[in-house]
Amino acid sequence: MRAANLFALWRTLVAQDLKARYRGTLLGWAWPMLLPMLMLALYGFVFGTVFRARWPGLAEGDHLGFTLNLFAGLLVHGLLAESVGLAPGLMQRNSNFVRKMVFPLPVLVAVPLGTALVHSLLGLALLVGVNGFFAGGWHLSVLAVPLVLLPYLMLLYGLALVFAALGVYLRDLGQFTGILVVAVLFTGNVFFPLDMVPEALQGIVHFNPITWPTETLRDCILHGRWPDPGRFAGYSLVAAVVFAVGYKVFSVLRRGFADLL
């Protein structure tokens with residue numbers, strides 16, 4: 001299929017997935033916009049009002065700053081949790097498509113990532129708005145956000161392809177993936193800045209796939225700093241390799257999908 005047709009198919013499937021999620025709910029399509037606002041309000045209350053947490057480098061009473069930094073990290077991790085976390089059981093849940101030899105299964109793997117992207121973009125829009133009106137102000141560097149997301153999405157898609165393919169052969173992979181998603185959350189820089197990590201553990205945090213996009217999105221949105229070209233190039237190269245390997249693994253392993261499903 002042509003790239004334009006594949007994109008149109010992916011967009012249709014993502015729209016159908018979103019409709020299925022909110023069909024029958026009282027608020028319907030308001031939920032994708034309300035959920036980020038409720039999350040931000042909840043984190044602000046818990047960490048600002050209850051724990052009175054402070055982000056290193058910010059003023060003692062800047063609880064909103066802590067909340068915004070945390071929210072940015074959770075949005076980045078949410079993309080991984082929804083795309084890679086759901087990947088191992090994806091082929092089983094869509095076995096009717098798997099048996100159709102002409103159906104482009106890689107597009108199917110990209111659907112949870114597309115759904116997660118819609119939710120994350122709404123959350124990022126809220127983050128930009130709240131920071132602009134109530135915290136650090138508006139920054140031109142926010143224009144670099146799509147550039148930061150692009151290699152991260154490529155990396156997530158490559159990982160999702162691997163997990164989706166292996167999940168057909170290893171049914172326990174779904175349980176392991178849930179633990180892995182939590183491990184990525186707590187070994188990344190979601191709850192703390194990178195410079196707080198002890199030197200002996202910095203390697204673990206640096207190699208966490210969410211560390212660079214989390215740190216860079218915070219810089220672009222909250223602090224007005226543009227992405228470092230060298231680190232962007234390095235992360236993009238790794239993302240391209242992960243995507244290529246993931247696509248190859250999926251292409252090889254998909255030959256046995258129909259027999260196992």
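Helices here are DSSP runs of H or I at least four residues long, numbered from the N terminus. This is a predicted model, so local features need pLDDT of at least 70 and side-chain atom pairs count only at pLDDT 80 or more, while totals for chains, interfaces and linings use all residues. Residues are numbered from 1 along each chain as its sequence is written, and side-chain values use heavy atoms, with hydrogens and water left out.

**Stop one: helix α1.** Select D17 and R21, which both sit in α1, 4 residues apart, about one turn of the helix. Their side chains meet in a salt bridge at 3.7 Å, N to O (a side-chain nitrogen of Lys or Arg within 4 Å of a carboxyl oxygen of Asp or Glu). Search the whole structure and you'll find 4 salt bridges.

**Stop two: α6 and α10.** Now show α6 (105-134) and helix α10 (residues 211-223). Their axes, lines fitted to C-alpha atoms over the stretch in contact, come within 9 Å and cross at roughly 40°. The two helices are therefore oblique to each other (angles run from 0 to 180 degrees between N-to-C directions; under 35 is roughly parallel, over 145 roughly antiparallel, 65 to 115 roughly perpendicular, and the rest oblique). Which residues of α6 and α10 make the contact? Pick L124, L127, V128 and N131 on α6, then L217, I221 and L222 on α10, bearing in mind that contact means heavy atoms within 4.5 Å.
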